[in-house]
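Here is a friendly briefing to read alongside the model on your screen.

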Amino acid sequence: MSKFTEDDLKKDLENKEYEYGFYTNIESDTFPIGLNEDIVRAISKKKEEPEWMTQWRLEAFKYWKQMQEPDWANVNYEKPDFQKISYYSAPSKKPKYDSLDEVDPELLDTFKRLGISIDEQKKLAGVAVDIVMDSVSVATTFKKTLAEKGIIFCSISEAIREYPELVKKYLGTVVPQQDNFYAALNSAVFSDGSFCYIPKGVRCPMELSTYFRINQAGTGQFERTLVIADEDSYVSYLEGCTAPSRDENQLHAAVVELIALDGAEIKYSTVQNWYPGNKEGKGGVYNFVTKRGICHKNSKISWTQVETGSAVTWKYPSCILKGDNSVGEFYSIAVTNNYQQADTGTKMIHLGKNTKSTIISKGISAGKSQNSYRGLVQIHSRAHNARNFSQCDSLLMGNKCGAHTFPYIEAKNKSAHIEHEATTSKIGEDQIFYCNQRGIDTEKAIALIVNGFSKEVLNKLPMEFAVEAQKLLEISLEGSVG
Amino acid sequence: MSLKDKLVSAYFAFEDNLEGNSPIHKMRNKAMKRFEEKGFPTKKEEAWKYTSLNSVIKHDYSIFPTREHNVELKDVRKFFLHDIDTFKIVFVDGIYSSFLSETTHDNMDICLLSAALSKPKYSAVIEAYFNKIAQKDSITSLNTAFAKEGAYIYIPRNKEVEKPIEIINFATGNESALMMQPRNLIVVGENAHVQIIERHQSLTENPVFTNSVTEIFAEKRAFVDYYKVQNDKPNASLLDSTFINQDTESNCAVHTFSLGGKLTRNNLHFYQTGNHCESTLKGISILNNKQHVDHHTLVKHQAPHCVSHQDYKGLYGGASTGVFNGKVFVEKQAQKINAYQQNDNILIDDKATINAKPQLEIFADDVKCSHGCTIGQFDEDALFYLRSRGIGKKEAQALLMYAFANTVLESVKIPELKRRINKLLATKIGVSIGFNV
């Protein structure tokens, strides 16, 4: 078999989209393109949702129709035509390939370097897998342990059917339907996602991750996640994976809502490595995500993200620090190469007394990419003794890329303590020289320095993720130095 | 009738008495058109997100003063830095006051824009510089349309101006509400040195609205030291737009002292077009009651090996609002830039608000850019230290305020001005601390 190159893949993907556009009914699970009230109803019906959910979606759709696509972000892209997208397609049951030999060797090489097991590689690349696969049984064991503790972890459609009170109580409370254009779109058409509930006082014994959920129904492009940590509970949730995901969907508009009740702690980690487009900047995924968490008394939400993929990223994981003594954290690494564009950051809204927030953002831009940090720290008048520390560092490689910082700081309380600092620099020649002198070649030296630069964030990732993320940084920046 | 409509109709009357069909006139027409399209900026615009002009433009301002007003020297002497040791260009209600001014044509021009715009001997300079770097936004355009009077300063090459130049705009308030639109043009030739102090002063409690635009051109190795003293009456509002173009190896510094006024908006833009430029932007804001100050700075690095340094301090009491929006823009070709931006704020009272937005936009890789922004209170330990040595609470706080503002004050190069500002700060803070800082 001849080498399957990036361009072939692109062609492949293009053809696929083409197929999509004109195919409607080969598998009854794919809807016709376009979006209207009937489609929203149909999605809801397909999911066997109760009437209140259908109404909720329709309401969101109503808002969405009145909204404009936002254009304030520091990114340029061709706006997707929302009437040319098929809003529901169940994951194809047919595997893409029959064996690993057919998969793009470049992809396999990346897997190998990231240290992903063969079974997982198969899954990630879309290869047909044996029914008795390790992780399936692992998944079952996991489920058992979780059930014993009373933890609910399932797909959101399942939750809507099985636990309607919980969903009804919390869905849309943090990110309302009318919050923004993409959130409204997501609320109207979300296909699936995950739901997680940790009961009072329970410490979730393992990292909940999408890794093993991959077996279950795929989540599609409009993912909806709802995590509820009841009083004094703890959960660490991982989303995405380090492996390059060759998703053919152009547009991803996900919504994540976190609810930390009194004394609870949620740690949410994301590694995103979607198809960033080819070296000329063609293709690639648009990633428009709304992520927000609300902290009640004495609770804590911590966002950690490593963003290396997607052609356009538009993402601001935020914390509403409503309860007294609550804590919000945001740790981010955003790497852009070639023609990628990222506009990412966070919002920390301080409402309660003695609330604390920390923002550490590291941006690395190479090639012809644009990397922006956009953040808001808001101290409301009743938030006495609020404390914020923000640090945004950017690293530039080459003079064709750009690094931007747009912090907004608003303080309405005199007892607020806010510090913000940002720096922009390049990798020092002396640092590289130092490494070279000790027999480390330039490429490795850069990886070393970049790792050092991002260490504060990498340290916050769960262990196994951190190792992979570190390698991922290395791979993403490959060939960017010249 | 809204102020905008009034201005638009006033323009037609104004136009008739103008210089005829000159290029300047065309410029005015174009500018007026832009203003007509855009109107006064609103909070919906990103650049005006934190500043609303509604409370200012609601008044019924007279756009042209109906008659000339005189002020007595004894009433305004306290606003001058020196009686004789400075050049002065003084305007009363927007009209030049030859009685109060001290201008010169001796080897340099320190005179009036109205003269420069009308007399042919200045036409070469006007053509080369007038309205060349002013932004095309709505308030600057409005000023361009009505630009008639202001300071015209031309310093030829190798000339060091021996004493500071004061540009002072008085408003007498004999009108019930007055709008003024001064326009200054300052050209500093190669190797020339100049120090300028600009001041807007209302002598009345009636509302005054000033929309001032200043263009400054610093040629090669020119040295410009500019001070803005903004300590106006509580009913005076000021929109100040200053644009500075710097050529190779020039050095420009602007200090802004915002201590009074109802609403003050400072748009300060630096364009570094030559190598090895140095720009300094510093400011102190001390506000009270319902005052509002908005510092909007832009440093555009367009050439390599340049330095910019920004340092803004704010002390906000009462229900005042402070805004700092600083932007450092580094273009692709501007390598080896060192840009520094610092904004520190202290909120003194519960109802005070500060909104800060320090931005960096960087397209070159070999640069050193950093910014820092803090919001905090007095250091409790430092206060305790002072009080344990028998210094009263208020005095201790005042001392700390001085220390806080001192990094900005220390680079003021005119000793008399420094002394005055120190005194102003002391009255502002409300204590006398018995020694000079």
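The notes below cover confidence, the contact between the chains, and helix packing.

This is a predicted model, in which local features need a pLDDT of at least 70, side-chain atom pairs count only at pLDDT 80 or more, and totals for chains, interfaces and linings use all residues. Residues are numbered from 1 along each chain as its sequence is written, while chains are lettered from A and ligands numbered from 1 in the order in which they are written.

**Confidence**

- The predictor assigns the complex an ipTM of 0.78 and a pTM of 0.80.
- Chain B has a mean pLDDT of 85, with 96% of its residues at 70 or more; pLDDT is the predictor's confidence in each residue, from 0 to 100.
- For chain A the average pLDDT is 77, and 75% of the residues score at least 70.
- Please treat residues 12-28 of chain A with care: their pLDDT stays under 50. The model has 10 contacts for them beyond four places in sequence, where a contact means that the C-beta atoms of two residues, placed from the backbone, lie within 7 Å.
- Residues 125-138 of chain A also have a pLDDT below 50, and this stretch has 24 contacts beyond near neighbours in sequence.

**Where the chains meet**

- Chain B brings 31 residues to the contact and chain A brings 29 residues.
- On the side of chain B that touches chain A, the elements giving two or more residues are β19 (353-362) and β20 (368-376) of chain B. Helices (H or I, at least four residues) and strands (E, at least two) are DSSP runs, numbered from the N terminus.
- β19(B) gives the most to this side of chain B, with 10 residues.
- By class, this side of chain B has 14 nonpolar, nine polar and eight charged residues. Ala, Val, Leu, Ile, Met, Phe, Trp, Tyr, Cys and Pro count as nonpolar, Asp, Glu, Lys and Arg as charged, and the others, Gly among them, as polar.
- Strand β20 (residues 417-426) of chain A pairs with β20(B) in the antiparallel sense over seven bridges; strands pair if DSSP finds at least two bridges between them.
- A:Ile418 stands opposite B:Ile375 in β20(B).

**Helix packing in chain A**

- Helix α10 (residues 429-437) and helix α11 (residues 442-453) of chain A pack at an angle of about 125 degrees, with their axes 9 Å apart. Axes are lines fitted to C-alpha atoms, for helices over the stretch in contact, and angles run from 0 to 180 degrees between N-to-C directions.
- α10(A) and α11(A) are therefore oblique to each other: angles under 35 degrees count as roughly parallel, over 145 as roughly antiparallel, 65 to 115 as roughly perpendicular and the rest as oblique.
- A:Gln431, A:Ile432, A:Cys435 and A:Asn436 of α10(A) make the contact with A:Thr442, A:Ala445, A:Leu448 and A:Ile449 of α11(A).
- That contact of α10(A) with α11(A) has five nonpolar, three polar and no charged residues.

**Helix packing in chain B**

- The axes of helix α8 (residues 380-388) and helix α9 (residues 393-409) of chain B come within 9 Å and cross at roughly 130 degrees, so α8(B) and α9(B) are oblique to each other.
- B:Ala382, B:Leu383, B:Leu386 and B:Arg387 in α8(B) meet B:Lys393, B:Ala396, B:Leu399 and B:Leu400 in α9(B).
- The contact of α8(B) with α9(B) has six nonpolar, no polar and two charged residues.
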